[in-house]
Amino acid sequence: MIRIFKIALRNLLRYKRRTMLTSLLITLGIVLVILFSGLAGSFKAMMIGQITDSSLSQMQIHKKGYVSSIDTMPLNLTLDTNKYQKIEELLSSNTEILAWTPRIKLNAMLSNFTDTTNIRLNAINPEKEILVCPDVGSRMTFDKGREPGTLLNPGEVIIPEKLAKGMNLNIGDPIVLVANNKDGSVNGLNFKVAGVIESILGPQGKEGYMHIKDAQELLRMDEPEVIEIAIRLHNFDRLDKVYAAVSSKLTGFINKKGVPEFEIHTWDELSPFANIAIMIDFMTITMKIIMIAIVLISILNVMMMSVYERIREIGTMSAIGTSPSKIMSLFLAEGLLLGLISAIVGNIIGLGGIFILNIYKISFAFGRQENLLLSPTVNITELLWVSGIVLLIAIFASLQPAYKASRMEPVDALGHV
Amino acid sequence: MALVQIENVSKIYQTGDVEVAALSDINLSIEKSAFVSFVGPSGSGKTTMLNMIGCLDMPTKGKILVDGKQVDTFNRKERAAFRGNVIGFIFQSFNLFPVLTAYENIEYPLVLIKNEPAEKRKDMILDVLDSVGMIDQKNKFPDQLSGGQKQRIAIARALVTQPKLVMADEPTANLDKQSSINVIRLMREMKDKFGTTFIFSTHDPRIMEEAEITHTLVDGKLT
């Protein structure tokens, strides 16, 4: 077998320019795939991180039917203390879950004593929220004198940046929030603007924040109720597995009507960015298909030319007794080596490119966020996958020419001019 | 028993609607260790005859026995294996592999056809290289050798597997006068040394003189 590869390598080097050009083309395809995968993957991971770590969370549990009517922020689809505790027990039994936090979502009227406007609010437990969405504070601007690490105290509200500008509100200004509770009664409470929060893509991206205890008081809840439980995992890559595990356990909770009491959603079911993520994946696959086409056409072309130019040589091989399978192996080895050399060079250059992109980081703006820095990475599995595909396609592309060579009748091949 | 036995062999080529008889009812036997030439004008059927005996082509009619085996019944794979084990080939254009050195060209059939172990291979190659007087040129590639030297390497490659029969179609056609004589005498020496049967075709009267037995073909028939 070593001898076959040795002969194949010599035959490749026999047509140096052609081999080099073909290899260069394949290498370029591999480099493009590695760079694109790295950049697109980095962009996707960053945007998912922004969405899940600063507002949405990785998974959410609601009372059944809440998400389908989320636009109206219904207050009657709440989880009482008993149900919340049941879910807490379920979540605490799963070691892959890092943290969870209760939330209440509500619509309210905000008044600065001159003007009144509508505001969507996310009522949170600040200590738990920071564990589930560790970057939520990075979107907020506070008074300079505020104690570091303090997200929200009772009696404080963090309002969206646009609303603050529109209502001419500054940090420290008093406001009144008025809200209807689920029975329709109205209540109002005084609050202080503790900070402003910049908007972010997707649901919950333009909401203000208040303390969950204030929300329970504003909504006149006799006992604590929550609307949403946001969840964070130790390892985001295990999301689908944990989702499946928690989901199957939640189906065990049936209400009196015999239907499931709760529903669980992952971030991608809640955020429109999931479609962009799918598009990114689609574009990455498209790049890979283009690479496959380049490899297929290049190697097929080279191998067909190689067979055509060496018909008499094939005739000699066959005449002196080389078996058809050995002749086929010789040509397959040539195609495989061409793919292998290109894959190795492509991987080295691609990794070099990723390394350089990590030194000279690419910055970009996304929505209102500017100076986002891409740190492209590519994992070993991706490299192996790309290399494996290249080698498989190289063999596949060489099959037809190699088969043709192995089927040549020696008497015809020797007589070829 | 004869090494080659040809009985009522005909070969007809179909060219469009026209049938061309390259060989007609040939009967012939060639003994072991013979040094046999086929001569005749162009188109007389010399190459076709050699192709039939060398199992490169199949007769339209008749029976061919080589080394006691009826080769005209073999399939492609069997013919390839038979050629590799029993027959050596020397070609008019030398047909050395350009990417392999002289040594590696001779080694090729031992590795890819006979699967001989490395140590045994080396001894066999050096022995045959010495016999053809090319041991000093063993590391040269074919394009670094003269025509006569290439044909010596081709003879060594044909002999290294110790075949019973060597087929040589116009082995001196691409060589100058002196080289032609040298090559044909080398073939004869090899026949004497290894006891191999040599069958070759030629146009050249000087080369014909070297043959022990000469068969003349005219219009596909032995005369």
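## A salt bridge to start with

At 33% relative accessibility, B:Arg206 counts as partly exposed (buried means under 20% relative accessible area, exposed over 50%, and partly exposed in between, using a 1.4 Å probe and protein chains only). Its partner in a salt bridge is B:Asp204, with the closest N and O atoms 3.0 Å apart; a salt bridge here is a side-chain nitrogen of Lys or Arg within 4 Å of a carboxyl oxygen of Asp or Glu. B:Asp204 itself is buried, at 16% relative accessibility.

Some ground rules: this is a predicted model, where local features need pLDDT of at least 70 and side-chain atom pairs count only at pLDDT 80 or more, while totals for chains, interfaces and linings use all residues. Residues are numbered from 1 along each chain as its sequence is written, chains are lettered from A and ligands numbered from 1 in the order in which they are written, and side-chain values use heavy atoms, leaving out hydrogens and water.

## Links across chain B

Over all chains, the count comes to 31 salt bridges. Take B:Lys11 and B:Asp57, whose side chains meet at 3.5 Å, N to O. They sit 46 residues apart: B:Lys11 is in strand β1 (residues 4–15), and B:Asp57 is in the loop between α1 (46–53) and β4 (61–66). Helices (H or I, at least four residues) and strands (E, at least two) are DSSP runs, numbered from the N terminus. B:Lys11 is buried at 10% relative accessibility, and B:Asp57 is buried at 12%.

B:Asp67 and B:Lys164 also form a salt bridge, at 3.0 Å, N to O. This pair is 97 residues apart, with B:Asp67 in the loop between β4 and β5 (69–70) and B:Lys164 in the loop between α5 (147–159) and β7 (165–169). B:Lys164 is partly exposed, with a relative accessible area of 42%.

## A network in chain A

Over in chain A, salt bridges link A:Arg103, A:Lys105, A:Glu129, A:Glu207 and A:Glu228 into a network.

## Nonpolar cores

The largest nonpolar core has 80 residues, and B:Phe38, B:Ile53, B:Tyr108 and B:Ile199 touch the most other members. (A nonpolar core is a set of buried Ala, Val, Leu, Ile, Met, Phe, Trp, Tyr and Cys residues joined through side-chain atoms within 4.5 Å.) Helix α11 (residues 324–359) of chain A gives this core its largest share, 10 residues. Another core, of 67 residues, lies apart from it and includes A:Leu56, A:Leu110, A:Leu121 and A:Val193.
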